[in-house]
Amino acid sequence: MAGREKPNILITGTPGTGKTSTASLLAEATHLHHINVGELVKEKHLHDGWDSDLLCHILNEDLLCDELEDTMTNGGNIVDYHACEFFPERWFDLVVVLQTDNSILYDRLTNRGYSGQKLQNNLECEIFQVLREEAEESYRHDIIKVMASNTIEDMSDNVEVLKAWVASWRPVEAG
Ligand code: ADP
Ligand code: MN
């Protein structure tokens, strides 16, 4: 989109699909700035408390979007979050949806200590491709990349593809 010298990338997907790992590697490879939205929300209290049923913070979307507006307008960011529909569409030049096979995701989430309803909700989120649909309903299809994130090899392939995308990106000419 017009105005920025460097692109903004959104990396989304179900928890455990590898957003933070992929975003960190890509940030290192490109010198774009990694924004871990979950961490930012906690750090800056951009939430309305703790949801004790879902065991997560209740995101305040307005506070989050206000917090990020100037940074996103400047460009050069990799935003890492497990939801995507409430961000302004104009912020992103590329939207990456990571996907992981269920048995692999199951192991990753149980390793992280998820169990019961929270584990079930996240596995279903991935089975029903909730994030892919959310991305397709919220962003132009030609800026969406759906990428498998099952193995370490997938991760390094994905980082290479994204690194090449960043290297070839050019700002949109004004007017
Ligand atoms: P997210 O940020 O999407 O919740 P993380 O990046 O924190 O996911 O990854 C969750 C766990 O799965 C970490 O232990 C990470 O090392 C591992 N992992 C993520 N992606 C892959 C992958 N493509 N191959 C192997 N392990 C992965
Ligand atoms: Mn993460």
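Is Asp 93 buried or exposed, and at what relative accessibility? At 9% relative accessibility, Asp 93 counts as buried, because the cut-off for buried is under 20%. The views below come from a predicted model.

**View 1. A salt bridge joins Arg 4 and Asp 93.** The two side chains meet at 2.9 Å, N to O. This pair links distant parts of the chain. Arg 4 sits in the segment before β1. Asp 93 sits in the loop between β5 (77-80) and β6. The partners are 89 residues apart. Arg 4 is buried too, with a relative accessible area of 5%.

**View 2. Lys 44 forms a salt bridge with Glu 67.** The closest N and O atoms are 3.2 Å apart. Lys 44 lies in the loop between α2 (37-43) and β3 (47-51). Glu 67 belongs to helix α3 (residues 61-74). The pair therefore ties together parts that are 23 residues apart in sequence. Lys 44 is partly exposed, at 43% relative accessibility. Glu 67 is partly exposed as well, with a relative accessible area of 31%.

**View 3. Arg 140 and Asp 142 meet in a salt bridge.** Their side chains come to 2.9 Å, N to O. Arg 140 is partly exposed, with a relative accessible area of 46%. Asp 142 counts as exposed, at 60% relative accessibility. The cut-off for exposed is over 50%, so Asp 142 passes it.

**View 4. Aromatic rings form a cluster.** Ring pairs link Tyr 81, Phe 86, Phe 87, Trp 91, Phe 92 and Tyr 139. The structure has seven aromatic pairs. One of them joins Tyr 81 and Phe 86. A pair of rings is described by the distance of the centres and the angle of the planes. For Tyr 81 and Phe 86, the distance is 6.2 Å centre to centre, with 75 degrees between the planes. This pair is edge-to-face. Tyr 81 counts as buried at 10% relative accessibility. Phe 86 counts as buried at 14%. Phe 86 also pairs with Phe 87. Here the centres are 4.5 Å apart and the planes stand at 45 degrees, so the pair is tilted. Both Phe 86 and Phe 87 are buried.

**View 5. Helix α6 has buried residues along one face.** The helix covers residues 130-138. Leu 131, Glu 134, Ala 135 and Ser 138 are buried in it. Seen down the axis of α6, these buried residues fall within an arc of 100 degrees, so they line one face of the helix. What covers the buried residues of α6 includes β1 (9-12), β6 (94-99), α5 (116-127) and β7 (144-148).

**View 6. A nonpolar patch lies on the surface.** Ile 127, Phe 128 and Val 130 form this patch. Together they have about 290 Å² of accessible area. Phe 128 is in the loop between α5 and α6. Phe 128 is exposed, with a relative accessible area of 55%.

**View 7. Thr 30 lies in helix α1.** The helix spans residues 19-30. Thr 30 counts as buried, at 14% relative accessibility. Leaving aside neighbours within four places in sequence, Thr 30 is in contact with Ile 78, Lys 163 and Val 166.

Technical notes
Residues numbered from 1 in each chain as written. Chains lettered and ligands numbered in written order. Predicted model: local features only at pLDDT ≥ 70, side-chain atom pairs only at ≥ 80, totals over all residues. Heavy atoms only, no water. Buried < 20%, exposed > 50% of the residue type's maximum accessible area, 1.4 Å probe, protein only. Helix = DSSP H or I, 4+ residues; strand = E, 2+ residues; numbered from the N terminus. Arc of directions from axis to C-beta. Contact = heavy atoms within 4.5 Å. Patch = residues over 30% accessible without salt bridge, like charges linked within 9 Å, V, L, I, M, F, W, Y side chains within 5 Å. Areas by Shrake-Rupley, 256 points an atom, 1.4 Å probe, with all protein chains shown as cover. Salt bridge = Lys/Arg side-chain N within 4 Å of Asp/Glu carboxyl O. Phe/Tyr/Trp six-rings, centres within 6.5 Å; stacked < 30°, edge-to-face > 60°.
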